[in-house]
Amino acid sequence: MFIDRHDAPGITAEELAALHVLDLETQQRYGVEYHTYWFDPADGTVFCLAEGPSRTAVEEVHRASHGALASTIIEIDQNLPLNALFGALPTHPPGTAYTAPGMRAIVFTDICGSVAQTRELGDEAHLEILREHDAIVRRELASHGGREIKHTGDGIMAAFTSISAAVVFAIEVQRALAQRNDQASTPLHVSVGISAGEPVTDDDNDLFGAAVQLAARLCDVACAGEIHASLAVRELCVGKPITFEDRGTVVLKGISEPAQIYAVTWQPEP
C-alpha cells in the first residue's frame with residue numbers, strides 16, 4: 001500500500017476527478033489499484049492511496065495516464081491502523097468531484113510520574129489508575145469523534161479529523177481528571193500534546209510522521225494537567241471558543257528546529 005503527495009495549486013475538484021478516472025483506466029497495466037484520494041482546494045494538496053507491487057509501478061500509472069507526478073510517494077507500514085489515522089476513507093463513484101482534506105490532529109496523553117507511582121503503590125495499584133485513565137480517555141474519544149491509534153503503556157495516541165474537536169477532547173479529559181482527583185485518595189495527573197499535519201510531507205517517510213513526533217514531544221514537555229498544542233493547531237482553531245497561551249519556542253528532542261508551543265487554557269467544571 002502506498003500514499004503519495006501532489007502539490008497542485010489552482011486545480012479544481014472536477015479536474016482532479018477526471019485525472020483520477022484516467023488513473024483507473026490505466027492502472028491494470030501496472031498491477032496497481034488506486035483506492036481513493038484526499039483533496040484540499042485551499043492549498044491544492046492531493047494525496048492518493050494506491051495498492052501495487054512497487055513505488056515505481058504506482059508512479060508509472062500517473063505518468064502514463066496524465067503525467068501529473070507526485071512529489072513524494074511512501075510505502076505504508078501494513079501494521080498501521082489506516083482507518084484509525086484517517087477515519088472513514090472517501091468513497092465516491094469515479095468521476096465524482098469532491099473535497100476531503102487530509103489534515104489530521106494527532107494527540108498523545110501520558111500519565112505523569114508513572115514510574116515513581118508504580119514504585120510507591122505497587123503494580124496492581126498503578127494498573128488500576130491506568131485503567132481509570134484509559135476509561136476517561138476512551139469515553140471522551142467516543143464523545144468527540146476521536147480514534148485510538150495505540151496504547152503507549154502510560155497513555156494513548158489518538159487521531160482526529162477535526163482539529164478543534166481534538167482540543168475540546170483534551171480539555172474535557174483534563175476536566176474529568178480534575179473532578180476525579182477531587183474525590184480520590186491517589187491523584188491521577190496527565191499531560192497532553194496535540195499537533196496537526198498532513199499525511200505525507202517532503203521531509204519524512206512515515207505516514208503523519210512529523211505530526212506524530214511533534215505531538216509526542218509536546219506531551220513530553222507538558223506538566224501535569226497541561227495541554228500543549230503546536231502552532232498549526234492554534235492557527236486551525238482561529239474563530240473557535242478556545243484560548244491559547246503562548247509559551248514561546250522550545251528545542252524538542254528529535255526535532256531539528258525550535259518549536260512554538262501554545263498551552264490550551266482550561267478550567268475545571270464549576
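In this predicted model, D4 stands opposite C48 of strand β3. The two strands concerned, β1 (residues 2-7) and β3 (residues 45-51), pair in the antiparallel sense over six bridges. They belong to an open sheet of four strands in the order β2-β3-β1-β4, with antiparallel pairing. At the edges stand β2 (33-40) and β4 (72-75); each has a single partner strand, so one side of each is left without a neighbour in the sheet. Direction ignored, neighbouring strands of this sheet are turned by 20° against each other on average. Helix α1 (residues 13-26) packs on the sheet and touches β2 and β3. The direction of α1 makes about 165° with that of β2.

**Helices α4 and α5**

Helix α4 (residues 114-121) and helix α5 have axes that come within 7 Å and cross at roughly 135°. The two helices are therefore oblique to each other. On the α4 side, the contact is made by S114, Q117, T118 and L121; on the α5 side, D123, A125, H126 and I129 take part. By residue class, the contact of α4 with α5 divides into three nonpolar, four polar and one charged.

Helix α5 spans residues 123-144 and includes H133. Is H133 buried or exposed? With a relative accessibility of 0%, H133 counts as buried, because the limit for that class is under 20%. Leaving aside neighbours within four places in sequence, H133 is in contact with T109, I111, G155, I156, L188 and V190.

**Cysteines**

How many disulfides does a search of the whole structure find? The search finds zero. For C112, the nearest cysteine sulfur is that of C219, 7.4 Å away, and C112 is in no disulfide. C223 is likewise in no disulfide; the nearest cysteine sulfur to C223 is that of C112, at 7.7 Å. Both distances can be set against the cut-off, which requires a pair of cysteine sulfur atoms within 2.5 Å. As for accessibility, C112 counts as partly exposed at 24%, and C223 is also partly exposed, with a relative accessible area of 48%.

Helix α7 (residues 209-221) contains A216. A relative accessibility of 19% places A216 among buried residues, because buried means under 20%. Although A216 and V251 are 35 residues apart along the chain, their C-alpha atoms are separated by 13 Å.

V250 is found in strand β10, which covers residues 244-250. V250 has a relative accessible area of 27% and is partly exposed. Which residues does V250 touch, not counting those up to four places away in sequence? They are P258, A259 and I261.

**Accessibility of the individual residues**

The table collects the values for the residues discussed above.

| Residue | Relative accessibility | Class |
|---|---|---|
| H133 | 0% | buried |
| A216 | 19% | buried |
| C112 | 24% | partly exposed |
| V250 | 27% | partly exposed |
| C223 | 48% | partly exposed |

Conventions:
Residues are numbered from 1 along each chain as its sequence is written. This is a predicted model: local features need pLDDT of at least 70, side-chain atom pairs count only at pLDDT 80 or more; totals for chains, interfaces and linings use all residues. Side-chain values use heavy atoms; hydrogens and water are left out. Buried means under 20% relative accessible area, exposed over 50%, partly exposed in between (1.4 Å probe, protein chains only). Contact means heavy atoms within 4.5 Å. Two strands pair if DSSP finds at least two bridges between them. Axes are lines fitted to C-alpha atoms, for helices over the stretch in contact, and angles run from 0 to 180 degrees between N-to-C directions. Angles under 35 degrees count as roughly parallel, over 145 as roughly antiparallel, 65 to 115 as roughly perpendicular and the rest as oblique. Ala, Val, Leu, Ile, Met, Phe, Trp, Tyr, Cys and Pro count as nonpolar, Asp, Glu, Lys and Arg as charged, and the others, Gly among them, as polar.
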